[in-house]
Amino acid sequence: MPPKSQLCLLAALAVAGVATAFAGRMDPYFLDVLLSVGVSVVLAASLNLINGFTGQFSLGHAGFMAVGAYTAATLTKTLGAKLLPLVGGQPWVLLPLALFAGGLTAALAGFLVGAPSLRLKGDYLAIVTLGFGEIIKVILQNVEFVGGALGLNGLPTTLNPAWSGVIVFATLAAPMLTVYVVWGLLNSTYGRGFLAVADDEVAAEAMGLNTTRYKITAFVVGAFFAGVAGGLYAHIKGTLTPGGFDFNKSIEIVVMVILGGMGRHVGVILAAVLLTVLSETLRKFGDYRMILYSLLLIVLMLTRPQGLFTWPLWKRKAA
Amino acid sequence: MEFAQQLLNGISLGAIYALIALGYTMVYGVLRFINFAHSDVFMLGAYAGLLLTPKLGGGTFGGGLAVLAASMAVTAALGVVIEKVAYRPLRGRSTLTVLITAIGVSLLIQNVAQNRQVGFGPNPKAFPAVFPQKTFSWEVAPAMTNTVAATADTAPTVNVVPAKTLSVNTNQLAVLVVSLALLGALHWIVHHTKIGTAMRAVSFNATASSLVGINNDAIISFTFALGSALAGAGGILYAMNYPTIDPLMGTLPGLKAFVAAVLGGIGNLPGAALGGLLIGLLETFVKGSRWSTYSDAIAFAILILILLFRPAGLLGKLRVEKV
């Protein structure tokens, strides 16, 4: 009998599988919102590991997302014609591989960014990660192989019958895997190091923890899942432009983490779902949509700065 | 002469960055947080200039100064309102909370400005002439013709080398003169007036300053007014040199000015001016080279290098963390 958490994961994956089987009968708009929610949860849960649990304020999550999105899209679109026969013409094999590769390149980018800049703290770290996000965007704009400023389009999406199933399943399963990995990591001996760094870096160092190593690990793992989310995003939208991964996208993810209550699992997931659905619901207000969104953000920060979903019940246990 | 022209353009861009950077650095000095809405105050300064120019008789020397002064007053008032409504209730809360609120305020201003009914609409608008327009050019090398003598199988050719000129227009002059005057005024306020001394005291140690009878809230309001007025002036000067303005025009100059503030050492006023000048020069020279498409990334690359090798900035002092 495997432990309870693994049973939960298996049950969740089974739900994702059933949902995938019925995806064809769902309202396309509903499916689109559902998939966006999936991507948001992956992004928010992974940033929560960096910002919330390890206490390192990063504003460059969209940059890692872009790296993963472009890697995955290059593998399935630009090189897809060559790679697909190698895996027996099966998108069910190619897409997970492409997502994994996207995650790995994003993790590599996370390591390259994190290793030098995690010596900095607070606002400075925020600005450096913001700077890296912008640099990644400018580099993508200048690389002709991935379409330059025009970006990539015509990626396989859910509209393509051969790809539809695997894209839906991957997008529904990824958030569950992300949450499971982040949760499992934090409840391991190693994960206590992240919490120690967040609580008091000086004290953690005095206890003999190699704080830099913990910070970089959190950064790399977070970047990996941001890359996976980017790959999923690419195959939901079907087009990629470097401008889509700008500062505002990073902010959107940070807002989910803050509203959910930094360093809380359930709250952050709920906030990711709520904000994604909210931004869809506000569409009917047309031009006023973003005004309402920003007003809501200010009011929430003034009235509930500790996060929306922070009742005592969900306080992180023994952390 | 290419070089001298670029130098001139770089200095005038740098002077604008310096004006914005001063606002970031002053607010950071007293409140220790990044005022993300600052770049939008800069944008609103440009729009104030657009709306006030026909009313106050812009296009003449006196009218131009009136437009500048009135717009600065408008943005100063805006800065104070933003601080009162959005930041003051959060005094004493964690930096992150204030940071996110600042981002919210920034988004709000941008989106209200983009709205067609209540704002200015999303389309770029042409910026009017605030000061009288005139271009001065100096011919530094006269036009020349080189005649290449005919050889056995080619006809003689005449190469015309155009005259090299260095040109300055009144807009660029206005940028230099106005920003120098404002920097001078700021220096005088901060170092030779009572309120300036109080500002430095709050920035040095907020608890101690309130103990000696300084009204911290009033000083913080004043700092926002001062920083926002400088950003408003920067907005007008920027718009004069770049013909159109739009509601999102503040984002990139704002980020670069912030980089300038960090480069010079955040919280340090001469540092912000120096950083602004350096970033402006560098950006102009990179734009003129064959890496021009990377010019937006260069400011951030510099920032990262500076933070890694001299985290306190060029003129800043490193504070040692005490446990």
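Visitor: Since the model is predicted, what is the mean pLDDT of chain A, and which of its elements have the lowest and highest mean values?

Guide: For chain A the mean pLDDT is 86, with 96% of its residues at 70 or more. Among the elements of that chain, helix α4 (residues 80–86) has the lowest mean, 80, while helix α10 (residues 211–237) has the highest, 93.

Visitor: How many cavities of 30 Å³ or more are there, and what space lies in the largest cavity?

Guide: Rolling a probe the size of a water molecule over the atoms shows where empty space is left. In this model the count comes to four cavities of 30 Å³ or more, and the largest cavity holds about 50 Å³ of space. The elements that contribute two or more residues to its lining are α3 (61–78), α6 (122–142) and α11 (247–260) of chain A.

Visitor: Which element gives the largest share of the lining of the largest cavity, and how do the lining residues divide by class?

Guide: The largest share, four residues, comes from α6(A). By class, the lining of the largest cavity has five nonpolar, five polar and two charged residues; among the lining residues are A:Leu59, A:Thr129, A:Glu134, A:Phe245 and A:Asp246.

Visitor: What is the volume of the second largest cavity, and which residues line it?

Guide: The second largest cavity has a volume of about 40 Å³, and its lining is made by A:Ala45, A:Asn48, A:Phe53, A:Val179, A:Val182, A:His265, A:Val268 and A:Ile269. Helices α2 (28–53), α7 (161–186) and α12 (265–281) of chain A each supply at least two of the lining residues. The lining of the second largest cavity divides into six nonpolar, two polar and no charged residues.

Visitor: What area is buried between chain B and chain A, and how many residues does each chain bring to the contact?

Guide: The size of an interface is often given as the accessible area lost when the parts come together. Between chain B and chain A the buried area is about 3,600 Å², and carbon and sulfur atoms give 77% of it. On the chain B side, B:Ile100, B:Ile304 and B:Leu308 lose the most area to chain A, together 15% of what that side buries. The contact takes 45 residues from chain B and 37 residues from chain A.

Visitor: How many helices and strands are there in chain B?

Guide: Chain B has eleven helices and six strands, and buried residues make up 50% of its 323 residues. Its C-alpha trace spans about 90 × 50 × 40 Å along the principal axes.

Visitor: Where in chain B is B:Arg32 placed, and what is its phi?

Guide: Most residues other than glycine have a negative phi. B:Arg32, however, has a positive phi near 55°, and this residue sits in the loop between α1 (2–31) and α2 (38–55) of chain B. With a relative accessibility of 31%, B:Arg32 counts as partly exposed.

How values were computed:
Residues are numbered from 1 along each chain as its sequence is written. Chains are lettered from A and ligands numbered from 1 in the order in which they are written. This is a predicted model: local features need pLDDT of at least 70, side-chain atom pairs count only at pLDDT 80 or more; totals for chains, interfaces and linings use all residues. Side-chain values use heavy atoms; hydrogens and water are left out. On a 1 Å grid over the protein atoms alone, a cavity is a set of points where a 1.4 Å probe fits but cannot get out, and a pocket is an open set with protein on both sides within 12 Å along at least five of seven lines; lining residues have an atom within 4 Å of a point. Grid points are joined across faces, edges and corners, and a volume is the space filled by probe spheres set on the points. Ala, Val, Leu, Ile, Met, Phe, Trp, Tyr, Cys and Pro count as nonpolar, Asp, Glu, Lys and Arg as charged, and the others, Gly among them, as polar. pLDDT is the predictor's confidence in each residue, from 0 to 100. Contact means heavy atoms within 4.5 Å. Buried area is the accessible area (1.4 Å probe) that two parts lose on being put together, summed over both. Buried means under 20% relative accessible area, exposed over 50%, partly exposed in between (1.4 Å probe, protein chains only).
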